[in-house]
Structures are given as structure tokens and as C-alpha cells.
Amino acid sequence: MKLILLTALWLCLSISVRCDDDSEEATVTEELDESAPENPEEIVYVSPTPKGHIYFAEHFDVPEEFEAKWVRSQAKKDGADEEIAKYDGKWAVEGLLKDGLKGDLGLVLKSKAKHAAISASLDRPFMFTNKPLIVQYDVTFQNGQECGGAYIKLLTQETGMRLSQFTDKTPYTIMFGPDKCGNDHKLHFIFQHKNPKDGSYSEKHAKKPSTRLDEYFKDGKPHLYTLMIHPDNTFDVSVDYKIVNKGTLLEDFSPPVNPPAEIDDPEDSKPDDWDEREKIADPDAKKPDDWDEDEPEQIPDADATKPDGWLDDEPEMIPDPSAEKPEDWDEDMDGTWEAPLINNPSCESAPGCGPWKAPMKANPKFKGKWRAPMIDNPNYRGRWRPRRIPNPDFFEDKHPFNMASIGAIGLELWSMSDNILFDNFIITDDKTVSEQWAAETFDLKRNLVDRDQAFGESIRRWMNRKENAFMVYGMYLSLPVTLYIWFLWRRVVEEKQDAARAALAKKTDDAVEDDEGAEEAVQNEEESEAVPQLEGDDEEVKDDDDDDADAKEGDEVEEVEEDAERLEDAPASEEPVVEKGTRRRVRKD
């Protein structure tokens, strides 16, 4: 096993050296391209401080400030079942699930298939005068999006506004942001336009962007959405600084801001004699006398002859002679059993089997059903249209930019996906302020995500270019596993060997180390008790003790020599034989 591990280490080192040698033989440019990517430095995030003309700014990095500023809706949705009418969707302030900046938090919609609404008042109302409106925030669909929106509503400034009762019926001035359901991907820009004649409001929807939007909903990355509306009635919508939609409030919305000056007269109707047919059948045309409508389109070929060898009496299909009726076939329940049909083997070498029929051919006399030719309609008066009259509801608003003032920002959503993160809201009238805000927030977040993905991609490309790089990496990862398995294997083997020794000792009654010591102590004690003390003077006793010690020492030497002879005579594979009672006490008479 040690040899296998050493061999694996040697292979890893040799292949690594080979990869390095190969890279050294490349050009300078290749060395720079193929060099192993270095781990990027950490991006430091600091909560931004709003500066400049700002009406609202929120980075969500301080949960206490969020709780004091934002209000969750306690209302119920009109027209919905009681079970789903409540705005009981859960909101939380937390960071990205992955690739998040340290200290960077956002507002996360935690629930799915629930109505959720939350809002906050602006620091000061935005009034549409002579400065542009810039609304900006970023969204991360961390789990993608199946069906639901991530748009915001800029709520209309009203006296006595109650944000705790924020619903889909709450008046808003602008709705902006992404929305998706199925394969329908949208980027809403809707504004409420006030009719100058009667004071009513109606929704105006911007034209659909020509850019594909599907990737923003499924790539799991943060995306920055920006809306700019200018006092000259122009607008532009951008995603990640790229303009995806632009136009004017007067021309690029449906329905249009200004109604048409003329409309169709609703009381006008088409005259009974109005003929809209441009062509008619020639009333003077007649069917020719030789036109036979009964002639078929195809007839049998009279010139065809039956091929030689045609088997008229052989059917094309015959019952399978090898088929057998199933044992569980019940004719009362299943009917009379019939063998399945197969191609007749006799027909394989013949031109055909069964009754011969002449092939069909086109009928030269076939003309079909006769129809009169079409001619210009002398009474044609064109397509009828009702007459035009002045539109009684006509008005002309040349400045739709002058919308209702904005007093709050809110999210009123329903989504089939959870963990949608909203962050870095800002409402301003200065483009420089919004760009600086994005540079201190979104740019850092997006750079981290892109960098981590680019780092992983560079490692993958580097390993693809390096010969045997995946093999080296795989062997490198397998070394700890191999060592761990080897350690477990050694421990199991040692436990089995110990168990085998113990079992052998019990089977042969051999004394183990601890048993030999205990047995010798007991035997010495018994012998010492069995020997009586000798009578006589002290010198005789002393002489006897000395003689006894000399005799014991000589006996032990003799015993050791006998044991050595037995070990030499015993086979090498057997355990040394330890005989009981080999120790003897010799007493001088």
C-alpha cells in the first residue's frame, strides 16, 4: 500500500513538471495566456451616502433604518378569494445568497404565490416641472423567475396617504420594472395621464423593447434598471447602462396620449345597395355542351397487362402458422381466437398476389365542375367606411411630462419565485448623482459576480489548455481519500490479528504475558509455604541457605539451556512453547 501511495505521488509530481516544461516551451504570449489565474483581491464595499438632488435613496444596509422607514401593507386585495386576498408575503433584509459583498444588504421577497406589498415615503415629493425624473434600482432573480413581476410603483402624492393600506388600487403616477410570465418577457413603463377635459386618468403603456429580455430573468445576476423622463417629453429605459427602449411620450405609447381629431360616425350605416364585390361571375357565360361533370378524375389503364407469374390464388397475408392460442384465452370473454396475419412467403418471389387490378391513370376527359369565369363588377363601389366626424372627446396635451406629483415608492407584487432581491433605490433629477450612486453600489456588486465567474472560467480554460491538468487535479483530490482508506484498512487488519491471537491463546491454553506473571507469583507462594523451616544453629542455617541459593542458580541456568534447545528444535512458524511448572526449587539435604 505504501508503494502505491508513493507511486501516485511520483506520478503527480512528474505530470506537474511535464506541464510546467510544456508551458516553458511556449511563446511569451502563450505563457501569459496559459498562466494559472491568480485569486482576485477582495472588493471592499462601504454603504454609500446620498449626495446631490435626491428625493429618495435606500441601500438597505441598516435594518433598523429600514424598519423605521418602510411600511408593510396590512390591507386585503379587492376581488380575490379570502384565502389569498391578504398581503401576507414575507419581506426580509439580507444579502445575496452567493457572490455577495460583505455588508451589502437588500430587500428580499421571501414568499412565492402570495400577494406582497411594501412602501416608503419620499424624502420630499417629486414635482414634474423643468427637471428630469430619474428612477433607478437593481434586481436579482436569485432563483430565476417563473411568473411574476419585480416592478415598482411611484405612488401619487395625496393628502392623508396611508401606506399601511397600500393595494393594487392605490393611485400611482408611474409603474416601471421587469415582469414575466411564461415566454412573455416585459419591461414595463406605464404612466397615468390626466385627461385635461374631464380630469380622469388612464394608463399609457410604452412600446415593447426590441431587445431580448429573457436572460435578465434567468442568469441569477444583479441587473440595473434605469428610467429617465425629460421635460421635452422624451424618455429612455436602460438595463445595465444599455438603452433598450426610447421614444417620446406623445408618439410611442398605447393608447396614444392625445385622441384623434376625427372619429367614425357611430350612427352611420352601410346602404343596402352598396356592392363591395370587386369581381363577379359572368352572368352571360354558359357551360359547353361537351362538358361532362360526371367523368371521374382517374380511370383504370386499359393498356396495362397482368405481369407473368402473378399468383391470383395466393392471398397477400396469411395466418401465422407458428402462433398458438394463449393458455388464458377465454372464448366466452375474448371471442374466437385467430392467429395474427403475416406476409405470405409465397409472394416474396412473385410480382404480386391476389386478384390483379389494372393501375389507375388520369382521365383525359375529366373537366370537373363547370364554373362561370369571373369579370369586373360593374356595380363595385369599393369598401364601405362610415363617414368621419369631429371627435367630441378630442384634446391636445403637448406636455404629458407634467404628471401628478410623486409622494412615495412601493412594491405591490405577486410572484411564483422567491428570493427576489431589490437594492439601491434612488430617485433624483441629476444623472450624475444616479451614476455615482450606481458606481458605489451596483457596480461593485456586479464586478464581484462577473469576476468570480470569470475567475472560474479562466481556471476551466487553463485546465483545458494544460495537458493532463485534470488528471493531476483528480489525483491531488484523491490522495486524502486514499490515505484515509489506507488508515481504516490498517486498523481493521490489526484488530483482526489481535482477535486471532486471543482466540489461539484460549484454544491452546497458552499463557499470555499477564497470565504468566500471575501464575508464577501464585506458584512461588505455594512452594514457599510447602517448605518447612530447618532446625539448627545459625551457621548451619546460613550454610544451608547459601547452598540452596547456589543450587537454585545452577538449576535456573540448566532450565534456560533446556528452553533454548527446545526453541531451536521447534519449527519457525510455530509460537514458542512455554511449559508450566519448569521452575523448580532445589534444597540441599
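Visitor: In strand 25, what is the bridge partner of Thr-140?
Guide: Leu-421 is the bridge partner of Thr-140 there. This is a predicted model, in which local features need pLDDT of at least 70 and side-chain atom pairs count only at pLDDT 80 or more, while totals for chains, interfaces and linings use all residues. Residues are numbered from 1 along each chain as its sequence is written, and side-chain values use heavy atoms, with hydrogens and water left out.

Visitor: How many bridges are there between strand 6 and strand 25?
Guide: Seven, and strand 6 (residues 133-141) runs antiparallel to strand 25. Strands here are DSSP runs of E with at least two residues, helices are runs of H or I with at least four, and both are numbered from the N terminus. Two strands pair if DSSP finds at least two bridges between them.

Visitor: Which other strands pair with strand 25?
Guide: Strand 1 (residues 54-58) pairs with strand 25 in the antiparallel sense over four bridges. There, Phe-56 stands opposite Ile-427. Strand 4 is also antiparallel to strand 25 (residues 420-428), with three bridges.

Visitor: Is strand 25 buried or exposed?
Guide: Nine of its nine residues are buried, so strand 25 is largely enclosed by the rest of the structure. Buried means under 20% relative accessible area, exposed means over 50%, and partly exposed lies in between (1.4 Å probe, protein chains only).

Visitor: And strand 4, which residues are on each side?
Guide: Gly-106 and Val-108 are on one side of strand 4 (residues 106-109), with Leu-107 and Leu-109 on the other. These four are all buried, which leaves both faces covered. In a regular strand the side chains alternate between the two faces of the sheet.

Visitor: What does Leu-107 stand opposite in strand 25?
Guide: Phe-422. Leu-107 is also the bridge partner of Val-93. Strand 3 (residues 91-94) and strand 4 run antiparallel, joined by four bridges.

Visitor: Where is Arg-446?
Guide: Arg-446 is in helix 7 (residues 442-465). The residue counts as buried because its relative accessible area is 15%.

Visitor: What does Arg-446 touch?
Guide: Leaving out residues up to four places away in sequence, Arg-446 touches Lys-221, Pro-222, His-223 and Asp-240. Contact means heavy atoms within 4.5 Å.

Visitor: And where is Gln-157?
Guide: Gln-157 is in the loop between strand 8 (152-156) and strand 9 (172-181). With a relative accessible area of 38%, Gln-157 is partly exposed. Gln-157 and Pro-125 are 32 residues apart in sequence, and their C-alpha atoms are 7.0 Å apart in space.

Visitor: How many helices and strands does the chain have?
Guide: Ten helices and 25 strands. Buried residues make up 32% of its 589 residues.
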